[in-house]
Amino acid sequence: MWRFAGAGVADGRRLIEAAFEAGVTLFDTADIYGFDGTGGFGDAEVLLGRIFAESPDLRARMVLSTKGGILPPLPYDSSPAYLAQALDASLTRLGVDQVDLYQIHRPDILTHPQEAARALEDAVTTGKVRAVGVSNYTPAQAQALASFLTIPLVSHQPEFSPLHLEPIENGLFDQAMERDMAVLAWSPLGGGRIAVPTDDRSRAVAEALDAKAADTGASRAAVAYSWIMAHPVRAIPIVGTQNPARIAELAQAFTIPWTRQEWYDILVAGRGERLP
């Protein structure tokens with residue numbers, strides 16, 4: 001819901017309904033979504049809250065996730081006082097008493113993980129949050145935070161696509177599988193470079209995806225999402241499109257089978273070099 005703030009209530013509801021039709025149940029927002037560099041902080045949550053006010057049944061049909069810890073112009077703040085304040089502000093904007101998942105948006109270097117853990121535990125204890133996770137954390141940062149928690153970290157939210165393979169290479173996916181953490185993959189189309197290739201590597205990935213698309217009758221984007229979902233970590237692509245027709249294409253991603261050779265062909269194209 002990064003770009004969701006630009007829609008009105010009626011258009012926003014149509015986008016949500018289109019997502020439900022495509023089989024999407026997880027809706028990922030954040031307090032900073034809508035911020036344009038000078039204003040708009042919280043706008044995506046405000047819009048969703050207005051939609052809930054008119055159509056409260058929609059909330060019960062979704063897994064609702066939001067994030068906090070970025071406060072412009074201050075980069076990051078994961079202190080217990082700020083996270084508690086940020087969570088309350090998000091709940092107010094959304095018009096709900098509880099979110100299903102609350103994630104620290106980016107790690108705050110100046111907050112000891114024990115302090116951040118206290119804030120997350122308090123959020124669950126007070127009933128404002130069902131579960132907690134992290135976004136843009138390294139495996140080591142997640143491990144340090146988890147060591148001070150008595151509740152599980154249930155999610156990682158890293159950037160991941162055929163053009164950004166770091167979670168495979170830095171151990172994040174391994175940690176997620178070991179701990180049974182959900183992985184929410186943001187920018188699954190490589191920041192638009194898979195849709196509109198701009199260099200040799202992105203063109204190679206697009207060509208490999210198109211070969212699979214031709215075999216299955218699916219769109220290139222749906223094939224890219226399916227490739228992400230085929231990894232045993234069971235990653236969930238976070239799709240940012242605000243186009244109902246493209247949202248409808250998401251259903252194709254659930255139906256695309258992969259052979260090992262086909263999946264590795266995409267990986268090799270994304271690496272830009274052969275596997276060892």
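I started with the side chain of E262, which makes a polar contact with the side chain of K212 at 2.8 Å. A reminder to myself: this is a predicted model.

Next I looked up where E262 sits, and found it in helix α12, residues 260-271. I then checked how open the residue is: E262 is partly exposed, with a relative accessible area of 25%.

How far apart are E262 and K212 in sequence and in space? I noted 50 residues along the sequence and 7.8 Å from C-alpha to C-alpha. Leaving out residues up to four places away in sequence, I found that E262 touches K212 and P257.

I then moved on to the helices. Helix α9 spans residues 200-216, and its axis comes within 7 Å of that of α12. I read a crossing angle of roughly 165 degrees for the two. Angles over 145 degrees count as roughly antiparallel, and α9 and α12 are therefore roughly antiparallel to each other. I also noted that their crossing is left-handed.

Which residues meet where α9 faces α12? From α9 I listed R201, A204, V205, A208, L209 and K212. From α12 I listed E262, I266, A269, G270 and R271. Sorted by class, this contact has 6 nonpolar, 1 polar and 4 charged residues.

Definitions and conventions
Residues are numbered from 1 along each chain as its sequence is written. This is a predicted model: local features need pLDDT of at least 70, side-chain atom pairs count only at pLDDT 80 or more; totals for chains, interfaces and linings use all residues. Side-chain values use heavy atoms; hydrogens and water are left out. Helices (H or I, at least four residues) and strands (E, at least two) are DSSP runs, numbered from the N terminus. Buried means under 20% relative accessible area, exposed over 50%, partly exposed in between (1.4 Å probe, protein chains only). Contact means heavy atoms within 4.5 Å. A polar contact is a pair of N or O atoms within 3.5 Å; within protein, one must be able to donate a hydrogen and the other to accept it, and residues adjacent in sequence count only if both atoms are side-chain atoms. Axes are lines fitted to C-alpha atoms, for helices over the stretch in contact, and angles run from 0 to 180 degrees between N-to-C directions. Angles under 35 degrees count as roughly parallel, over 145 as roughly antiparallel, 65 to 115 as roughly perpendicular and the rest as oblique. A crossing is left-handed if the near helix is turned anticlockwise from the far one by less than a right angle, and right-handed if clockwise. Ala, Val, Leu, Ile, Met, Phe, Trp, Tyr, Cys and Pro count as nonpolar, Asp, Glu, Lys and Arg as charged, and the others, Gly among them, as polar.
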